[in-house]
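Visitor: Could you show me how to read pairs of aromatic rings in a protein model?
Guide: Gladly! Let's look at one together.

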Amino acid sequence: MDRAVELELVDELLSLKEGKGAYLDDAVGHNPVAHYTSEQRFSEEREHIFSVVPTAAAHVSEMPSPGDFLRREIAGQPVLLTRDKEGKANAFLNVCRHRGTRLVDAKKGCQHRFSCPYHAWPYSSVGDLIAAPHFKTGFTGHDKSTLGLKRLDCQERFGFVWVTLNPDASHPVEDHFRGLSADLDALQLDDMVIAHQDTHTRHANWKILVEGGIEAYHFKIAHRSTIGPHFEDNLSSYQRFGSHIRSILPRTSLSTLPKAEQGNWRLRDHAQILYTLFPSTQLLVQQDHVVWLTEEPVSPDQTRLRLSTLVPKHAADQGDHWAQNHHITLTTLDEDFVIGESIQSTLSSGANEDMLFGRFEGALNVFNQTIAAHLPTSG
Ligand code: FES
Ligand SMILES: [Fe+2]
């Protein structure tokens with residue numbers, strides 16, 4: 001982030017603290033509870049958001065070499081990522097073109113040839129159908145060259161492999177992140193590796209889990225025995241970049257920094273910087289590493305979370321340090337996820353028709369307005 005912007009953000013937060021104020025939106029936000037439970041809403045979100053927006057399907061370090069492959073799921077669809085002989089990343093529907101068997105079952109591996117487990121149709125890492133047993137005899141009038149794997153838009157940028165499911169929606173990833181490119185480049189994510197990764201499913205709508213991270217109202221309460229004491233009470237700011245949000249959540253150490261030494265510290269040392277990349281990729285910038293979180297919707301009330309601790313390549317050998325940090329992140333975020341499940345479990349009680357977003361929870365309102373703007377039926 002630009003230094004002048006960092007200093008502006010700091011000044012803004014410090015004057016709010018001094019005046020015992022908060023970063024306030026103009027009005028309280030209301031979001032219908034049905035948006036977190038409705039099947040129709042869920043399938044609209046899949047179709048109009050998750051299928052058309054680039055998804056961070058993998059970090060580049062998960063498939064660094066030719067032949068590396070990964071199995072993923074995007075908006076409920078089976079996806080195969082490969083790195084071909086030229087070193088380029090590709091994405092395909094992980095579906096055999098004969099009768100639809102899932103082509104690859106392994107979660108990851110390294111090979112350039114993928115043979116279907118049913119009748120052994122073999123595909124290359126660029127998706128071509130190479131040969132097929134008894135093809136000429138059995139499939140007269142059919143051309144192998146038209147039976148390659150269905151290709152998906154796949155671009156590498158900012159250290160991630162981005163996949164867009166809907167072929168009509170593909171556009172440069174660069175455009176999708178207009179306004180944020182400099183911030184993302186500065187994180188040097190392509191020079192990082194994953195020190196630890198955890199995947200687990202939570203019984204909560206994906207939006208509840210995203211929302212859990214973008215306000216500081218709960219810090220001193222829900223995180224009282226973990227990170228709460230290190231953060232200011234109910235103090236945070238946010239900025240919009242198109243559909244994306246950057247949140248700044250200051251630590252208590254920020255207010256004690258001598259003005260004269262401004263050149264010697266970085267914002268990330270004294271605040272949590274959280275990028276919520278629309279719809280559900282979150283990058284939590286810590287002092288010496290970045291936590292990469294994805295919330296993949298499984299059903300209206302289930303979400304698969306992937307939490308990765310990304311660390312600089314040159315420091316990857318500090319095993320204990322990263323293990324400890326990953327553990328702290330897991331413990332802290334678990335406090336959010338348990339609350340998220342608690343919220344989901346009460347939604348059908350009828351106690352609330354709307355979620356209320358206080359004026360200092362404005363980022364939640366913006367996030368939900370952005371979602372609504374993508375959908376045909378919500379205004
Ligand atoms: S379904 Fe894949 S080869 Fe038959
Ligand atoms: Fe939290």
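Visitor: How many aromatic pairs are there?
Guide: This is a predicted model, and the count comes to 13 aromatic pairs.

Visitor: What describes a pair of rings?
Guide: Two things do: how far apart the ring centres are, and the angle between the ring planes. Take Trp 121 and Phe 135, whose centres are 5.7 Å apart with 65° between the planes. Planes over 60 degrees apart count as edge-to-face, and that is how this pair is classed.

Visitor: Where in the chain do Trp 121 and Phe 135 sit?
Guide: Trp 121 is in the loop between β7 (113-115) and β8 (122-124), while Phe 135 belongs to helix α3 (residues 135-138). The pair links distant parts of the chain, 14 residues apart.

Visitor: Are Trp 121 and Phe 135 buried or exposed?
Guide: Both Trp 121 and Phe 135 are buried. Another edge-to-face pair is formed by Phe 160 and Trp 162, at 5.7 Å centre to centre and 70° between the planes.

Visitor: Why does Phe 160 count as buried?
Guide: Because its relative accessibility is 1%, and buried means under 20%. Trp 162 counts as buried too, because its value is 2%.

Visitor: Which residues do ring pairs link into a cluster?
Guide: Phe 158, Phe 160, Trp 162, Phe 177 and Trp 292 are joined this way.

Visitor: What lies over the face of Phe 158?
Guide: That is Arg 157, at 4.0 Å from the ring centre. Elsewhere, Tyr 36 has the charged end of Lys 207 over its ring, 5.1 Å from the centre.

Key: Residues numbered from 1 in each chain as written. Chains lettered and ligands numbered in written order. Predicted model: local features only at pLDDT ≥ 70, side-chain atom pairs only at ≥ 80, totals over all residues. Heavy atoms only, no water. Phe/Tyr/Trp six-rings, centres within 6.5 Å; stacked < 30°, edge-to-face > 60°. Helix = DSSP H or I, 4+ residues; strand = E, 2+ residues; numbered from the N terminus. Buried < 20%, exposed > 50% of the residue type's maximum accessible area, 1.4 Å probe, protein only. Lys NZ or Arg CZ within 6 Å of the ring centre and 35° of its normal.
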